[in-house]
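User: I am new to this structure and would like to learn how to read its features. Please take me through them in turn.

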Amino acid sequence: QPESEIHMKPKTLILLSVLLLACLTYVVVQRIGSRGGPESFSDSLFDRMPEGFASIRIENPQGEMLVFERRGDNWHMAAPLDVRADDAALMMIERAIGTLEVLRVVPEKQASELPTGLNSPSWRVDVTTLGGERLLFDVGNPAPRIGTDAAETYIRHLQTDRKGTSRVCVVARDFDALFDHPAAAFRSHRVLEDIDPATIESIQLTGQHAWTLTRRGQGWTVSTPTTSGAALSDFPEGILTLLQGLYAQEFIETDDPASLGLTDDAHTTVHLTQRLTNGETSVITLTVGNPTTAQRQRYAQVTGLDGA
């Protein structure tokens, strides 16, 4: 074929170039629009996907706060109680916040005309990642669902380590389901799991049976009202393992322990004498009450632990 027939004509080339430019413009506009407009920082609320959190602070409209801190590999509740936290519950919150994605950004003018609930937010959330990044946001009302059955909520993204002002976003999360629980719901149900057996110097049991185990060097002695002598090493170890695994089904606040069978003649009382790092000792007491007449179940009370 002649060479002139295998090359595009100038008018055809110009027309195809215009069409290609139009397609590229459409793609760019669609991508910007899907991210909520040019004011969006990114689809994530974090600069980097967090490897974990160092602290989580949750505040309700009454100013009541839940404060959690990571201590080593475990979570600890710092307020309103000072107790070991339920790691599973905190992992759920950590995962829910750490994977938050912005579905859309709402312009301020439009947000002021919508029932976002951000003038009186349900929650204020303040978290710090293990990498030192801070995230602060207010939680408003549920948002209208667009193309999904998942819960969507308005939030005001108040602060991150990137430069920028606050913005109103919609995220796919039901925060009430995460946060709207009493503080006891977030504490560990294994109330004695943090006991270090190596620090226990004596175990004293009173009630229907009475005996005392005392650490002597590398071994233990046992004494009862009628006899005393060396104790088998696996006996105190078994007692401490049993206490560490003690699981509380629920936590109850009461001004009348006697109504729960926790009287002076309680069924069993265990006193653990613990050697502290400063050389002093402290006593942790577990009291197991008598069966209640109403439900025939036993309640227990722990004292001597922080927040117990």
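User: How is the confidence of the model to be read?

Analyst: The model is predicted; local features need pLDDT of at least 70, side-chain atom pairs count only at pLDDT 80 or more, and totals for chains, interfaces and linings use all residues. Residues are numbered from 1 along each chain as its sequence is written, and side-chain values use heavy atoms, with hydrogens and water left out. The score pLDDT is the predictor's confidence in each residue, from 0 to 100. In this protein chain the average is 81, and 80% of the residues score at least 70.

User: Over which residues does pLDDT stay under 50?

Analyst: One such stretch is residues 1-8, with three contacts (heavy atoms within 4.5 Å) beyond four places in sequence. Another is residues 10-42, for which the model has 23 contacts of that kind.

User: How many helices and strands does the protein chain have?

Analyst: Helices (H or I, at least four residues) and strands (E, at least two) are DSSP runs, numbered from the N terminus. The protein chain has five helices and 16 strands.

User: What is a cavity, and what is a pocket?

Analyst: On a 1 Å grid over the protein atoms alone, a cavity is a set of points where a 1.4 Å probe fits but cannot get out. A pocket is an open set with protein on both sides within 12 Å along at least five of seven lines, and lining residues have an atom within 4 Å of a point. The structure holds one cavity of 30 Å³ or more.

User: Which residues line the largest cavity?

Analyst: Its lining consists of Leu192, Leu243, Val270, Leu272, Ile284, Thr285 and Leu286. Strand β15 (281-288) and strand β14 (268-275) each supply at least two lining residues, and β15 gives the most, with three. By type, six are nonpolar (Ala, Val, Leu, Ile, Met, Phe, Trp, Tyr, Cys and Pro), one is polar and none is charged (Asp, Glu, Lys and Arg); polar covers the others, Gly among them.

User: What is the volume of the largest pocket, and which residues are closest to its centre?

Analyst: The volume of the largest pocket is about 1200 Å³. Ala248, Tyr299, Ala300, Gln301 and Val302 are the closest to its centre, out of 36 lining residues. Two or more residues come from each of α5 (234-244), β14, β15 and β16 (300-303). The lining divides into 26 nonpolar, six polar and four charged residues.

How values were computed
Points joined across faces, edges and corners; volume = space filled by probe spheres on them.
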